[in-house]
Amino acid sequence: MTRPEYYGNPAGLTDDIGVVRAIYDAFARRDLDAALAHMAPDCELHAAGTAEAAGRSSPYRGHAGMRQYFADVAAVWDELVLHAEDFRVLPGSVIVIGQVSARRGEERRLRSVVWTWRVKDGLAAAVRVSDMGPLDDQAAAASS
């Protein structure tokens with residue numbers, strides 16, 4: 001099913017969605033410079049999955065924090081793919097619903113995720129990743 005571009009965006013705030021989509025695209029290519037071009041210098045990334053796997057307890061802060069996040073992704077995961085599927089926007093915020101698939105050695109993970117972005121002055125100021133749980137458990141619960 002295809003959705004119109006304005007779906008989940010009744011106010012027509014396409015600029016904020018464009019910022020967030022550009023960051024997902026840059027991450028998929030592992031293009032740090034392209035991601036940073038859309039992120040505020042004092043941005044914050046709350047990505048507990050990667051942070052915990054890397055032995056980190058605090059959010060990634062600023063452009064230096066984003067550089068560390070990209071380095072942690074490369075060090076911790078053999079594969080990490082973000083599947084951003086549904087974009088909703090309110091003034092100053094973009095909510096993205098999707099999945100994360102990850103592999104570390106023989107261990108595979110498929111998680112349902114909600115990303116909450118704060119966008120200010122055309123740049124991503126913060127993002128919080130909320131892990132909604134493994135998809136395998138949700139599929140099992142739905143079939144029972």
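Mentor: A residue is called buried under 20% relative accessible area, exposed over 50% and partly exposed in between (1.4 Å probe, protein chains only). The model is predicted, so local features need pLDDT of at least 70 and side-chain atom pairs pLDDT 80 or more, while totals for chains, interfaces and linings use all residues. Numbering starts from 1 along each chain, and side-chain values use heavy atoms, without hydrogens or water.

The whole structure contains six salt bridges, each a Lys or Arg side-chain nitrogen within 4 Å of an Asp or Glu carboxyl oxygen. Arg29 is exposed, at 52% relative accessible area, whereas Asp31 is partly exposed, at 28%. Helix H1 covers residues 14-29; helices (H or I, at least four residues) and strands (E, at least two) are DSSP runs numbered from the N terminus. The 16 residues of H1 span 22 Å from the first C-alpha to the last, close to the 22 Å expected at 1.5 Å a residue. Buried residues of H1 include Asp16, Ile17, Val19, Val20, Ala22 and Ile23. Just after H1, Arg30 adopts a positive phi of about 55 degrees.

The second pair is Arg103 with Asp78, at 3.6 Å from N to O. Arg103 belongs to strand E4 (residues 93-104) and Asp78 to the loop between helix H4 (62-76) and strand E3 (79-90), so this bridge ties together parts that are 25 residues apart in sequence. Both partners are partly exposed: Arg103 has a relative accessibility of 23%, and Asp78 has 48%.

Beyond its neighbours within four places in sequence, His38 is in contact (heavy atoms within 4.5 Å) with Val19, Ala22, Ile23, Leu123 and Ala124. The C-alpha atoms of His38 and Ala125 are 9.2 Å apart, although 87 residues separate them along the chain. The chain as a whole has five helices and six strands, and 38% of its 144 residues are buried.

How values were computed. Expected span 1.5 Å × (residues − 1).
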